[in-house]
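Here's a quick briefing to read alongside the structure. Take a look at the sequence and the 3D view first, then come back for the tour.

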Amino acid sequence: MNHMKLRSLCEGAVLVAVAQILSYLKLWEMPWGGSVVLSMIPLVLYAVRWGLGAGLLGGFAFGVLQFMFDGGFAIGWQSILGDYLVAFTVLGLAGLVARTKSGVFTGTLIAGFARFLVHYVVGATVWAAYMPETFFGMTMHSPWFYSLLYNLAYMLPNIAITLLVFAVAYKPLNKYLTASDLIPSPAAAQPAKKDPSSPKWDPER
């Protein structure tokens, strides 16, 4: 196993663990699952640093941990698959813009929208039978409209908070947020020049 692959796995394990810890610090929680937390930050960061494959794997691992240890809301295998495994795996789509100058911001929008879309479809289909008569003071007639309101209620704050944290951290942590610390400098990529003053230097070699 080469150095970079090992570093990716170690960094992924740490960031997924941080995401899981942050998931317990709920700023706001919805009645049937979904909450405002800071978990998207380390997951998006991992994806934009290491790319699509690593990001999808990190999101999947987090989804498994969420269902196992965070008292997940589920009403069948469809809910487990959609609201946990798929919904968190797609956060890795932030890796589509990996190692770019604005990757953490564009990646947050891509990942956040993808996760919202999964929750939206699952909410309008699997959870349709649990639609209340009223929600946010409005009478509910369509599960698609109910799911739209329900999932926007926590996904919009999650996306906004993630963008805000990256904006604040962008200048002091720029090389980490753009993954420039993983890219070797041009000087390091060039072979070392031989020193003519060295007694072992042979100009014929």
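How many salt bridges does the count come to? The count comes to three salt bridges, where a salt bridge is a side-chain nitrogen of Lys or Arg within 4 Å of a carboxyl oxygen of Asp or Glu. Before going further, bear in mind that this is a predicted model: local features need pLDDT of at least 70, side-chain atom pairs count only at pLDDT 80 or more, and totals for chains, interfaces and linings use all residues. Residues are numbered from 1 along each chain as its sequence is written, and side-chain values use heavy atoms, leaving out hydrogens and water.

**A few words you'll need**

- Helices (H or I, at least four residues) and strands (E, at least two) are DSSP runs, numbered from the N terminus.
- "Buried" means under 20% relative accessible area, "exposed" means over 50%, and "partly exposed" is in between (1.4 Å probe, protein chains only).
- "Contact" means heavy atoms within 4.5 Å.

**The salt bridges**

- R7, E11, R49 and D181 are linked in a network of salt bridges.
- D181 and R7 meet through their side chains, at 2.9 Å from N to O. This pair links distant parts of the chain, with D181 in the loop between α7 (174–177) and α8 (186–189) and R7 in helix α1 (residues 3–23), 174 residues apart.
- D181 is partly exposed, with a relative accessible area of 22%, and R7 also counts as partly exposed, at 29%.
- E11 pairs up with R49, and their closest N and O atoms are 2.4 Å apart. Here E11 sits in helix α1 and R49 in helix α2 (residues 40–50), 38 residues apart.
- Both E11 and R49 are buried.
- R49 also forms a salt bridge with D181, at 2.9 Å from N to O. R49 lies in helix α2 and D181 in the loop between α7 and α8, so the pair ties together parts that are 132 residues apart in sequence.
- The relative accessible area of R49 is 3%, so R49 is buried.

**The nonpolar core**

- A nonpolar core is a set of buried Ala, Val, Leu, Ile, Met, Phe, Trp, Tyr and Cys residues joined through side-chain atoms within 4.5 Å.
- The largest one has 33 residues, and V44, F135, F166 and L177 touch the most other members.
- Helices α1, α2, α4 (77–89), α5 (103–125) and α6 (143–169) each supply at least two residues of this core. The largest share, nine residues, comes from α6.
- In soluble globular proteins, nonpolar side chains tend to be buried together.
- Leaving aside neighbours within four places in sequence, V44 is in contact with A94, V104, G107, T108, A111 and F166.

**Helix α4**

- Which residues of α4 are buried? They are S79, G82, D83, Y84, A87, F88 and T89.
- These buried residues of α4 pack against α3 and α5.

**On the surface**

- Y24, L25, F67, M68 and F69 make a nonpolar surface patch of about 540 Å².
- A patch is made of residues with over 30% relative accessible area and no salt bridge, with like charges joined within 9 Å and nonpolar side chains (Val, Leu, Ile, Met, Phe, Trp, Tyr) within 5 Å. Accessible areas come from the Shrake-Rupley method with a 1.4 Å probe, and for residues only the protein chains shown count as cover.
- M68 is in helix α3 (residues 52–69) and is exposed, with a relative accessible area of 52%.

**Loops worth a look**

- P31 is in the loop between β1 (28–29) and β2 (35–36). P31 is exposed, at 52% relative accessible area.
- The C-alpha atoms of P31 and Y150 are separated by 9.8 Å, although these residues are 119 apart along the chain.
- S39 is in the loop between β2 and α2. Is S39 buried or exposed? S39 is buried, with a relative accessible area of 4%.
- Not counting residues up to four places away in sequence, S39 touches A19, L22, S23 and F62.

**Positive phi angles**

- Most residues other than glycine have a negative phi.
- F136, in the loop between β3 (134–135) and β4 (138–139), has a positive phi near 55°.
- A179, in the loop between α7 and α8, has a positive phi near 60°. A179 counts as buried, at 0% relative accessibility.
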